[in-house]
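Visitor: Please take me through one part of this structure closely. I would like to know what packs against what, and which residues make the contacts.

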Amino acid sequence: MMAKAGLKVGVLISGRGTNLQALIDACAKPDFPAKIVLVVSNVADAHGLKRATAAGIPTAFIDHKTYRTREHFDAAIDSALRASGVEFVCLAGFMRILSGQFVERWRNRLINIHPSLLPAFKGLDTHQRAIDAGVTITGCTVHFVRPAMDDGPIIVQAAVPVLPGDDADRLAARILESEHVIYPLALRLVAEGRARVEGEKTVLKNGAASAESLVNPAPD
Ligand code: GRF
């Protein structure tokens, strides 16, 4: 069998890896323009590592606790990625802040998914904070990574309603379904060279802009 061509992607995870799974499933489609060549976790028993192994993808466990500084830990990740020929990196629930050095090294070749409509609700505990703020629409965002947390040119967003009776878990589950749609979509756009950063904004070539709006609560 001929090896599949396409952008060689490394995915960094720390946990259950449902977004990783969405990317694995997308990459398994014959016309998808990317291929995951390495999954790195900083947590030994992250379930995402099992998902990668099940899909035949090489994995690496790199324990941040064994490195003296963030920069040393990031350098170990960088070496692992390069040794596998990685050209592009996806953060998928990776719970360590990356050093400015690493982020700059992978500038415009490093993307992240965050469960809010950025720039609202950066950081942790986003779902509860959205509920506490009383927003009726929140969502998720895939963006190019910059040194500041949850910052950088936005590639794709999905708007998701907050429904009566939502708690953080119910809202998180609803948003997660959209995460699994937008992460493969964003990776496709960058892998096909259709999403480029210009002047710190993402410009889409031949992008299918959506003209639909979501109103919540629904109009009478
Ligand atoms: C997702 O909600 C993602 O947006 C956030 O971390 C969570 C990771 O979930 N960055 P999973 O490991 O992909 O299931």
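Guide: Start with helix H1 and helix H2, whose axes lie 9 Å apart and which pack at an angle of about 15°. H1 is therefore roughly parallel to H2 (under 35 degrees is roughly parallel, over 145 roughly antiparallel, 65 to 115 roughly perpendicular, and the rest oblique). Thr18, Leu20, Gln21 and Ile24 of H1 make the contact with Gly48, Arg51 and Ala52 of H2; contact means heavy atoms within 4.5 Å. The crossing of H1 past H2 is right-handed: the near helix is turned clockwise from the far one, whereas a left-handed crossing has it turned anticlockwise by less than a right angle.

The model is predicted, so local features need pLDDT of at least 70 and side-chain atom pairs count only at pLDDT 80 or more, while totals for chains, interfaces and linings use all residues. Residues are numbered from 1 along each chain as its sequence is written, and side-chain values use heavy atoms, with hydrogens and water left out. Helices (H or I, at least four residues) and strands (E, at least two) are DSSP runs numbered from the N terminus. Axes are lines fitted to C-alpha atoms, for helices over the stretch in contact, and angles run from 0 to 180 degrees between N-to-C directions.

H1 (residues 18-27) also meets helix H6 (residues 168-191), where the axes come within 9 Å and cross at roughly 45°. The two helices are therefore oblique to each other, and their crossing is right-handed. On the H1 side the contact involves Thr18, Asn19, Ala22, Leu23 and Ala26, and on the H6 side Leu176, Glu179, His180, Tyr183, Pro184 and Leu187.

Right-handed here means that, with the strands pointing away from the viewer, the path from the first strand over the helix to the second runs clockwise. E1 and E2 are parallel and share seven bridges; two strands pair if DSSP finds at least two bridges between them. Lys8 faces Lys35 of E2 in this pairing. Six of the seven residues of E1 are buried, where buried means under 20% relative accessible area, exposed over 50% and partly exposed in between (1.4 Å probe, protein chains only).

These strands belong to an open sheet of seven, with mixed pairing and the order E3-E2-E1-E4-E5-E6-E7. Strand E3 (59-61) and strand E7 (154-161) are the edges; each has a single partner strand, so one side of each lacks a neighbour in the sheet. From one strand to the next, the twist averages 20°. Helix H2 (residues 47-54) packs on this sheet, touching E1, strand E2 (34-41) and E3, and its direction makes about 155° with that of E3.

On its other pairing, strand E1 (residues 7-13) runs parallel to E4 and is joined to it by four bridges. Gly10 stands opposite Val89, Val11 has Cys90 as its bridge partner, and Leu12 is opposite Leu91. Within E4 (residues 88-91), Phe88 and Cys90 point one way and Val89 and Leu91 the other, and all are buried. In a regular strand the side chains alternate between the two faces of the sheet. E4 is also joined by three bridges to strand E5 (residues 110-114), again in parallel, with Cys90 opposite Ile111. The chain passes from E4 through helix H4 (residues 100-105) to E5 in a right-handed β-α-β crossover.

In the loop between E4 and H4 sits Met95, which is exposed at a relative accessible area of 55%. Apart from neighbours within four places in sequence, Met95 contacts Ser14 and Leu124.

H6 has a further partner in helix H5 (residues 126-133): their axes come within 9 Å and cross at roughly 110°. H5 is therefore roughly perpendicular to H6, and the crossing is right-handed. His127, Gln128, Ala130 and Ile131 of H5 meet Ala168, Leu171, Ala172 and Ile175 of H6. Thr138, in strand E6 (residues 137-144), is buried at 3% relative accessibility. Its contacts beyond four places in sequence include Ala130, Leu171 and Ile175.
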